[in-house]
Amino acid sequence: MNDVMQKLPAFVTNHALLVAAFVVILVALVAGEVGRLFRKWKSLTPAGLTQLINRDTPLIVDLSASADFEKGHIPGAKNVAMSQFDPETQKDLAKAKELPVVLVDKDGRGVGKAANRLVKAGFTRVFVLDGGTYAWQTAQLPVAKGKK
């Protein structure tokens, strides 16, 4: 261990770019994890969503484009275009402030901002499906097709 500590300054000096890249990646990872700890909504896996559906009656809001929604969605999900998603004016959402609300999209990447909007609007039980409808289908769970 003592030998490593003696060689470390020389390594850092000779590989400054590599060390800088390591530090940037480390800071990004730590910041991401800290942000995950303090956000007010939770992520669910497809199995976690199945458990939530079985023990409660969540409102599942699919923010996918209409064409993607019609190709396949979680049974019982309501389709709302991301551009029209407004927790303050949506009548289905206004009734569900105390219910668990699960946000889903095609791949799970675009729903974080919508989840934050729900939290700001006073929703207390907000969830996001990690991986979106794609993860749901990959887990071989039931899929509905069409507009409803």
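What you see is a predicted model, in which local features need pLDDT of at least 70 and side-chain atom pairs count only at pLDDT 80 or more, while totals for chains, interfaces and linings use all residues. Residues are numbered from 1 along each chain as its sequence is written, and side-chain values use heavy atoms, leaving out hydrogens and water.

**The overall picture**

Let's start with the parts list: there are seven helices and five strands. Here helices (H or I, at least four residues) and strands (E, at least two) are DSSP runs, numbered from the N terminus. Reading from that end, the order is α-α-β-α-β-α-β-α-β-α-β-α. The radius of gyration is 21 Å, well over the 15 Å that the globule rule gives for 148 residues, so the protein is more spread out than a compact globule. That radius is taken over C-alpha atoms, and the rule is 2.2 Å times the number of residues to the power 0.38. Along the principal axes, the C-alpha atoms fill a box of roughly 65 × 35 × 30 Å.

Of the 148 residues, 30% are buried. "Buried" means under 20% relative accessible area, "exposed" means over 50%, and "partly exposed" is in between (1.4 Å probe, protein chains only).

**The sheet**

The five strands make an open sheet with parallel pairing, in the order β1-β5-β4-β2-β3. At the edges stand β1 (42-44) and β3 (78-79), each with a single partner strand, so one side of each has no neighbour in the sheet. Two strands count as paired if DSSP finds at least two bridges between them. In general, strands of a sheet pair through backbone hydrogen bonds, either parallel or antiparallel.

| Strands | Sense | Bridges |
|---|---|---|
| β1 and β5 | parallel | three bridges |
| β4 and β5 | parallel | three bridges |
| β2 (residues 59-62) and β3 | parallel | two bridges |

Serine 43 has valine 128 in β5 as its bridge partner, and valine 102 stands opposite phenylalanine 127 in β5. Over at β3, asparagine 79 is the bridge partner of aspartate 62.

Strand β5 is covered on both faces: Val126 and Val128 are buried on one side, and Phe127 and Leu129 on the other.

Which residues are buried in α3? They are Pro46, Gly48, Leu49 and Leu52. These residues cover an arc of only 155° around the axis, which puts them on the same side of α3. The arc is that of the directions from the helix axis to the C-beta atoms. On the other side of α3, Gln51, Asn54 and Arg55 are exposed. The cover over the buried residues of α3 includes β1, β4, β5 and α7 (132-138), where contact means heavy atoms within 4.5 Å.

**Helix α6**

In helix α6 (residues 112-120), the buried residues are Ala114, Ala115 and Leu118. Looking down the axis of α6, you find them within an arc of 100°, so they line one face of the helix. As background, an α-helix has 3.6 residues a turn, so residues three or four places apart point the same way. The face of α6 turned away from the buried side carries Lys113 and Lys120, which are exposed. Just after α6, glycine 122 takes a positive phi of about 100°.
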